[in-house]
Amino acid sequence: TGTTTLAVDGKVDASNRSDMLTQKLLAHLPLLLHGNPRDVVIIGLGSGVSVGAALRHPVARVDVVELSPEVVEASHFFDTENQHALADPRTHLIVGDGRSHLLLASRQYDVVISEPSNPWIAGVAALFTREFFQAARARLASGGIICQWAHTYNIADADLRAIAATFTSVFPNGTLWLIGGDDVLLVGSTDDADDMASRVAQIERNCQRPGVAADLATVAASEPFSVASLLSAGPAELARYTAGAAILTDDRMALEFSGPRALHASS
């Protein structure tokens, strides 16, 4: 059918069709909200499309951390879509564990992007805990931004609220952006007093960076409003949404068990 998909243990984690908008916005959104992004880290390579999107901005370095060498090999099937991201001299591939990199690295990043697989996959829940977000925050430079992927499909209401609550426990100024109805991007910054929603005004200006608007147009985000309109909740709305929700921690990782249970639930 002309569609290329990347599956890990039978679970599709990337494609060059329906996933393209989310894959691109995972990088474009936080970089558009940052006035001068120079150093970026992306947890999870997948198709490499997010890396390619990040490279459209005037960044100096993009570290991409991927656990599986096989995913690195498979990403080359998407070289057209990711614009040969791994060949760009600004890209630094690290084959290893994303959490370990955040905990052990000394480099500070302007933007941290986390795009794990779904939390019903064994081990992935560890990328949605308070300790993970704290490790990400420690790697962010002053004024740095984090963008965390989550999803609305095949997930219990309580689990999605718990993910959002855990994120905002570390990034209380967090915002939620809804992508196509199925994907959620949680965006926050190191400055708790920073009104992330006010940064939306920067999107139009930063879309003028060479190559950015053209890349967004390939996924029908043809004007800055197409991106800005995806903002669905600011800190006040998220506070109401997450009221009473559980906080996911390393020693109480309920999502590891509730995620698979919800996969085939009727609602």
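How much space lies in the second largest pocket? About 160 Å³ of space lies there, while the largest pocket has a volume of about 940 Å³. This is a predicted model, in which local features need pLDDT of at least 70, side-chain atom pairs count only at pLDDT 80 or more, and totals for chains, interfaces and linings use all residues. Residues are numbered from 1 along each chain as its sequence is written, and side-chain values use heavy atoms, with hydrogens and water left out.

**Largest pocket**

- A pocket is an open set of points on a 1 Å grid over the protein atoms alone, where a 1.4 Å probe fits, with protein on both sides within 12 Å along at least five of seven lines; lining residues have an atom within 4 Å of a point.
- The lining has 41 residues, and Asp 13, Glu 115, Pro 116, Ser 117 and Val 124 lie nearest the centre.
- Elements giving two or more residues to this lining include β2 (11–15), α1 and α5 (98–104).
- β2 gives the largest share, four residues.

**Second largest pocket**

- The second largest pocket is lined by 13 residues, with Ala 158, Asp 159, Ala 162, Ala 245 and Ala 246 closest to its centre.
- Helix α7 (residues 157–170) provides the largest share of this lining, four residues.

**Helix α1**

- Helices are DSSP runs (H or I, at least four residues), and strands are runs of E (at least two), numbered from the N terminus.
- Of the 14 residues in α1, 13 are buried, meaning under 20% relative accessible area with a 1.4 Å probe, protein chains only.

Notes
Buried means under 20% relative accessible area, exposed over 50%, partly exposed in between (1.4 Å probe, protein chains only). Grid points are joined across faces, edges and corners, and a volume is the space filled by probe spheres set on the points.
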